[in-house]
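Please read the following points alongside the sequence and the coordinates.

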Amino acid sequence: PYSTIFGSNHAFYALGPSALGEFGVRQFLPGVDLVGDYVAACRRQGLKVGLYYSPPDWYFNRHYMSFHFGSEDQNNFPGRAHFGLHHEVLPVRPPKPPGHEAAFHQYLRGQITELLTRYGPVDLLWFDGGPPVMSIDELRALQPHIVINPRMHGVGDFATPELHLPATRPPGWWELCDIWPCGGWSYDPNHERYKPLSWFWERYNAVRHRGGNLLLNVGPKADGSMPAVYYERMAELAKQQRNDPAVGLGLM
């Protein structure tokens, strides 16, 4: 079994005290290392350690991108306005200054290196996009036995279909990343609803029948707690397993 810590996705609030960047626990929670706490908790429970990293860092690039979905694809969304960080309308999207992209790549390399050198053995690295600023060989020079998904390099150790169950079993290792809440990947106070336990078992059994792993997303509130419905679903799941010991999760 492994557990994967998911940060704030592309919005990229760094959960460890990175020496790089301007948006994370180092600036807002001095002395706190949530990644380190998570790694220690995994090892206490006998879990392998998986870390999530999102190279498309919206905060680093906040001055030179649009925050209005589709506005950068004028072919499919003609006339859609660009938005700034606070959803203010921008007449044009500001261009990146000379050297910005090189500094961005250096920043990404530095943060990935921090993750792979500060916390002892890391078993899995789950990228959520590119650019491919470090090769797989460079990553394995830091963590020789690490398992890497294909979302940065286009190739990796396992496939990661998202939300849609493959019709047939993918070749090799694979996992389906899916959402248990009836909303998006993060916590949404307007969608504090979870799919029923029957949905979970249907999804889980279909994935396991095809030899895959189910990576199920749940989004915490700002204080780290979960909505009440999450704890209800967990209690239902625990009760089912107590009543039928043959029902086992067995996640890879």
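1. Helices (H or I, at least four residues) and strands (E, at least two) are taken here as DSSP runs, numbered from the N terminus. The model is predicted, so that local features need pLDDT of at least 70 and side-chain atom pairs count only at pLDDT 80 or more, while totals for chains, interfaces and linings use all residues. Residues are numbered from 1 along each chain as its sequence is written, and side-chain values use heavy atoms, with hydrogens and water left out.

2. I would begin with strand E2 (residues 48–53), which is largely enclosed by the rest of the structure because 5 of its 6 residues are buried. Buried here means under 20% relative accessible area, exposed means over 50%, and partly exposed is in between, with a 1.4 Å probe and protein chains only. E2 pairs with strand E5 (residues 124–127) in the parallel sense over 4 bridges, where two strands count as paired if DSSP finds at least two bridges between them. Within this pairing, glycine 50 stands opposite leucine 124 in E5, and tyrosine 53 stands opposite phenylalanine 127 in E5.

3. Strand E5 also runs parallel to E6, to which 2 bridges join it, and leucine 125 has isoleucine 148 in E6 as its bridge partner. The side chains of E5 divide between two directions, with Leu124 and Trp126 pointing one way and Leu125 and Phe127 the other way, and all of them are buried.

4. Helix H3 (residues 100–117) has 18 residues and reaches 26 Å from its first C-alpha to its last, close to the 26 Å expected at 1.5 Å a residue; the expected span is 1.5 Å times one less than the number of residues in the helix. Its buried residues are His100, Phe104, Tyr107, Leu108, Gln111, Ile112, Glu114, Leu115 and Leu116. An α-helix has 3.6 residues a turn, so residues three or four places apart point the same way. The buried residues of H3 pack against helix H2 (34–44), E2, E5 and helix H4 (136–142), contact being defined as heavy atoms within 4.5 Å.

5. Histidine 100 counts as buried because its relative accessibility is 9%, and, leaving aside its neighbours within four places in sequence, histidine 100 is in contact with Phe60, Asn61 and Tyr64. Leucine 116 counts as buried at 2% relative accessibility, and with the same exclusion of neighbours within four places, leucine 116 is in contact with Val122, Leu125, Leu139, Leu142, Gln143 and Ile146. The C-alpha atoms of leucine 116 and alanine 141 are separated by 9.9 Å, although these residues are 25 residues apart along the chain.

6. Helix H5 (residues 197–209) has 13 residues and spans 18 Å from its first C-alpha to its last, close to the 18 Å expected at 1.5 Å a residue. Leu197, Trp199, Phe200, Trp201, Arg203, Tyr204, Ala206 and Val207 are the buried residues of H5, and they pack against strand E7 (175–179), strand E8 (213–217) and helix H6 (228–243). H5 is followed by glycine 211, whose phi is positive, near 80°.

7. Histidine 87, in the loop between E3 and strand E4 (89–90), has a positive phi of about 65° although it is not a glycine. Leucine 163, in the loop between strand E6 (147–148) and E7, likewise has a positive phi, near 70°, in a residue other than glycine. Leucine 163 is partly exposed, with a relative accessible area of 31%.

8. Proline 78 lies in the loop between E2 and strand E3 (82–83) and is exposed, with a relative accessible area of 63%. The C-alpha atoms of proline 78 and arginine 242, which are 164 residues apart along the chain, are separated by 55 Å.
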